[in-house]
Amino acid sequence: MRKKVDERIRTLIENGVKLRHRSLFLMIGDKSRHQIPNLNLMLKHASLKPSRKILWCYKDELEISSHKQKQKKQVKKMIDRGLLDPELADNYTLFLATTDITYCHYKDSKRILGRTFSMCILQDFEALTPNVLARTIETVEGGGLIILMLRSLPSLTSLYTMVMDVHQRFRTESHTQVTARFNERLLLSLASRKSCIVMDDELNILPISSHVRSIQPVSLSEDLEGLSERERELQDLKEQLREAFPMGQLIGKCCTMDQATGVISFLDAIFDKTLRGTVALLAARGRGKSAALGLSIAGAVATGYSSIFVTAPSPENLKTLFEFVCKGLNALDYKEHLHYVVIQSKDPEMKKATVKIDIRKQHRQRYIRPSEQAKHAITQANLLVIDEAAAIPLPIVKSMLGPYLVFLSSTVNGYEGTGRSLLLKLLEQLQSQTTSANSSNSGRIFKKIELNESIRYAPGDPIESWLNGLLCLDVAKHIPHISRLPDPKKCDLYYVNRDALFSYHKEAELLLQRMMALYVASHYKNSPDDLQLMADAPAHHLFVLLGPVDETKNVLPDILCVIQMKYGTEAVKKLTEYYEGKMTHFAEEDKEGLEEPQTGLTEAAEKSDVTGEHTCMVLKEISSNGIEVPEPSQYFRQRFRSLLGPCFQKLHCKLAMSIIAPKRKFTDRTPGPSDDEKRQQEKLLSPYDMERLEDYTNNMVDFPVIMDLVPRLAHEYFQEKIPVTLTAVQATILLCMGLQNKDLTSIKDEMEEERVTRESILSDFRKVMKILYKYLKNVASKQTAATTPRLKQIELAPHSRSVDEDHSRSVDEDLEEGAREVMVHKYLNYLNFKTKFITKFSRFYETKG
């Protein structure tokens, strides 16, 4: 039966097409999929676009297969069972057969990055996460539709208790009840958006907000050619630069005025050819950063740059960049296969990603993996392009910078949540170390570019502002700018009620945005999923440190608690008082997990993929409650010492020393070793080991002869089992050579402030060995003398013919026995001579070898 569609739905779609804004529909009902063709038809009539692509995302399986032949069989079975109306079936099957639909599992949603669709359909609401929600919605172009499909619900408030798939990861043994606060906030945010309509599976609008009562058509301010003001500016710029080579051809490929301005800035640095510039491009997701870089690389090729290197977190991130390199080359009259060849990777992990473009006339451009060895591969580069630099560990990015032109790009906010570490750390360092264009020619030129206009949709898109607010993606403006900081002792610690924080109240939203702003500013990488973790995880609690509150003013105070600031100490102090029960009574659920408090450190052996650093967690004992708690700090140091070689070899020696915190002065020690120490030293080194160590301290042999002894001695020293006094430099050298297995060059670079040389390092190391040997000799001198093997003394006795039948021996037998004893004596002398010869003349043998 045909039914007239509510005009408000049609009007919303038409308004979105006119303004190039996206619209969102939340459909509730088991037959929501049958209305997809109707919405697609309305979009087709409104946009008059000849071809449209649709993205359909799901959790595990589709109700109707994406395979054409299977679709027909499934539809026929559903009709026979009475599950599908024949009239609806014809409409639905026609839609599936004639529409370009891309099906994608939620777990594979990363593969759609960079693609553009006219419609995005999201089913299986319980499998959605904030990351997936933002990643898929951002692929929809202006004028397109986002459709969320839910199963039938008794009421919309049932979303508040809906069990999401991600909740399984939030549960712990002591916290099993999960509250879906994020879903509640999501629904409340949709109700406040004029570009969103909530309806059932028969397209009946549900009145959850007042704005849906009247949706009026909009008028658009355009010129005679149908262009907006910014589009007219871009058109005029393209006309002005049409004859300029290669800038005119490349600007003709730009979609927004911001993108064109960015390409011009890159080309200016390329035309300069001094190779001493660093240009950083910062923008939110979907602003055309990769396309601008690709067009600029094509301009560098046309200008004569012969060696161009490109890097990113993975080759798949460079799909758009290489695509626009080829578009730029084609615009400059380069022909594929004739003037350039695109080479794809044969590595199955890279999935045939483009890794190199060979260009005739001795140009080359290729992808390199971002690693600590990458700096050696780009020494001959003219131009280095780093895309998504914030997603590459900062130490690696810094190591790749060199005496060549460098282009950087980074996402400062968006669904990938790269945080602000690049902006706050790397770029500030570059600005402080470089000079401006008007200053001396001896330094590097640094320039920062920002893109604000979106490529896919027009400015002011309501879905973008809704998504940014819901997922706290654009919180840079909420970072507090405090002119006068209060005294930390006057600050108070507050426990945040999460039910109120995620209630979507105006003041609660302001507090949440400020909290997330501090997270983003403090961390290297943030993710929208962190927000759902904060909201729903039952074992999580939120605290904020606020300054003095002026009750006469109806404003929220600024949040001060950031661990890098001095307020962190005061926050930890007050947090300890809270859990000790000195501030207020806490709930029983808060007491759980405090039954066995510990003190100490734990550090991850693997580096973070984002920061290139290790994660360290500090544990503070609050109250033992009469329970005997082991000392985990000593256990941590023991494990850390053992892992310094295999896992933490590249950890800076000063940081490693600060973690171990060894005792270096033993002036208060009573003279003379104890019996326990004597027994330990007996097991540590054998008499022959002591001889080798002695020869090294007397400059008779080189370091390779005692290489196997150094780790043992270092472990004993840093466990304070060899109580000798060393200087800070000597202890650091012992740690580097004994525990971290570092070479002299690495030690020299890390101890640059001490102005050490390779010779001074070896000299100090030999002094350390002398100190250790002197102590060990004092402890084990008697034991060494007692345990050194002696040659057996041969006693001569007159021969005897025979005493009795059982003990009778002939003269020949006596002579043979004596000969054997002489041979054994000579062989033992030979072995002794060989051992001393090899030990004392090892340098000679190594040189000859």
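Reader: Let's start with one residue. Which residues does Ser 195 touch, not counting residues up to four places away in sequence?
Author: This is a predicted model. With those sequence neighbours left out, Ser 195 touches Leu 12, Arg 22, Ser 23, Leu 24, Pro 462 and Ile 463.

Reader: And where is Ser 195 found?
Author: Ser 195 is in the loop between helix H7 (181-191) and strand S6 (196-200).

Reader: Buried or exposed, Ser 195?
Author: Ser 195 counts as buried because its relative accessibility is 8%, and the cut-off for buried is under 20%.

Reader: You mentioned S6. Which order do the strands have in the open sheet?
Author: The open sheet has 6 strands in the order S3-S2-S4-S5-S1-S6, with parallel pairing. Strand S3 (100-105) and S6 are the edge strands, each pairing on one side only. From one strand to the next, the twist averages 20°.

Reader: How many bridges join S1 to S5?
Author: Strand S1 (residues 23-28) and strand S5 (residues 140-150) run parallel and are joined by 6 bridges. As one example, Phe 25 has Ile 147 in S5 as its bridge partner.

Reader: Which helix lies across S1, S5 and S6?
Author: That is helix H1 (residues 7-19), which runs at about 150° to S1.

Reader: Back to single residues. What about His 167, buried or exposed?
Author: His 167 is buried, with a relative accessible area of 2%. His 167 belongs to helix H6 (residues 167-170).

Reader: What does His 167 touch, not counting residues up to four places away in sequence?
Author: On that count, His 167 touches Met 162, Val 178, Ala 180, Gln 532 and Asp 536. There is also Pro 538, 371 residues away from His 167 along the chain, with 9.5 Å between the two C-alpha atoms.

Reader: How many helices and strands are there in the chain?
Author: The chain has 31 helices and 18 strands. It has 849 residues, and 45% of them count as buried. Among contacts with a separation of 6 or more, 73% are between residues 24 or more positions apart.

Reader: Now helix packing. At what angle do H8 and H10 pack?
Author: Helix H8 (residues 229-240) and helix H10 (residues 257-272) pack at about 35°, and their axes are 9 Å apart. Arg 230, Glu 233, Leu 234 and Leu 237 in H8 meet Met 257, Asp 258, Ala 260 and Ile 264 in H10. By class, this contact has 5 nonpolar, no polar and 3 charged residues.

Reader: Which peptide bond is cis, with omega near 0°?
Author: The bond from Phe 245 to Pro 246 is cis, with omega near 0°. Pro 246 lies in the loop between H8 and helix H9 (247-251). Most peptide bonds are trans.

Reader: What is the phi of Glu 720?
Author: Glu 720 has a positive phi of about 65°, although it is not a glycine. Glu 720 sits in the loop between H26 and helix H27 (728-738). With a relative accessible area of 39%, Glu 720 is partly exposed.

Reader: And which are the buried residues of H26?
Author: In helix H26 (residues 710-718) they are Val 710, Leu 713, Ala 714, Glu 716, Tyr 717 and Phe 718.

Reader: Last one. What is the phi of Arg 755?
Author: Arg 755, a residue other than glycine, has a positive phi near 55°. Arg 755 is in the loop between helix H28 (744-750) and helix H29 (758-787), and at 76% relative accessibility Arg 755 counts as exposed.

Key:
Residues numbered from 1 in each chain as written. Predicted model: local features only at pLDDT ≥ 70, side-chain atom pairs only at ≥ 80, totals over all residues. Heavy atoms only, no water. Helix = DSSP H or I, 4+ residues; strand = E, 2+ residues; numbered from the N terminus. Buried < 20%, exposed > 50% of the residue type's maximum accessible area, 1.4 Å probe, protein only. Contact = heavy atoms within 4.5 Å. Axes fitted to C-alpha atoms, helices over the stretch in contact; angles between N-to-C directions. Nonpolar A, V, L, I, M, F, W, Y, C, P; charged D, E, K, R; others polar. Pairing = 2+ DSSP bridges.
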